[in-house]
Amino acid sequence: MNELEMAQLVENTASSHDNIFESLPKYHEDCQSKEEADLHLVQAALRLRERYSHKPFYAKRAAKHGGRYWIGLAYSAVNA
């Protein structure tokens, strides 16, 4: 999955508790494939969106860049 596909998934998924994340391991280090790791990153981006999208600083940037903003923020997070 490339960054654009992950960004689309962030934009089209309502919650980090969505069914597509049910089978993921709890920790990123336990992911067995790139697809699992990518979904784990998408879930981290959704958690960031859920937590910070109501704050003007983040909302402005997210409105400008869409789902790619949240993916980039999740990439930069130490514990993503």
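1. Let's start with Tyr 58, a residue of helix H3 in what is a predicted model. Its relative accessible area comes to 21%, so Tyr 58 counts as partly exposed; the cut-off for buried is under 20%.

2. Which residues does Tyr 58 touch, once those up to four places away in sequence are set aside? They are Tyr 52, Tyr 69, Trp 70 and Leu 73.

3. Trp 70 leads us on to helix H4, which spans residues 67–76. The buried residues of this helix are Gly 67, Tyr 69, Trp 70, Ile 71 and Ala 74. Among the elements covering them are helix H1 (3–12), helix H2 (34–52) and helix H3 (56–65).

4. The packing of H2 against H4 deserves a look of its own. Their axes lie 8 Å apart and meet at an angle of about 105°, which means that H2 runs roughly perpendicular to H4. On the H2 side, the contact is made by Leu 41, Val 42, Ala 44, Ala 45, Leu 48, Arg 49 and Tyr 52. H4 contributes Trp 70, Ile 71, Leu 73, Ala 74 and Tyr 75.

5. How many nonpolar, polar and charged residues does the contact of H2 with H4 have? The count is 11 nonpolar, no polar and one charged.

How values were computed:
Residues numbered from 1 in each chain as written. Predicted model: local features only at pLDDT ≥ 70, side-chain atom pairs only at ≥ 80, totals over all residues. Heavy atoms only, no water. Buried < 20%, exposed > 50% of the residue type's maximum accessible area, 1.4 Å probe, protein only. Helix = DSSP H or I, 4+ residues; strand = E, 2+ residues; numbered from the N terminus. Contact = heavy atoms within 4.5 Å. Axes fitted to C-alpha atoms, helices over the stretch in contact; angles between N-to-C directions. Parallel < 35°, antiparallel > 145°, perpendicular 65-115°, else oblique. Nonpolar A, V, L, I, M, F, W, Y, C, P; charged D, E, K, R; others polar.
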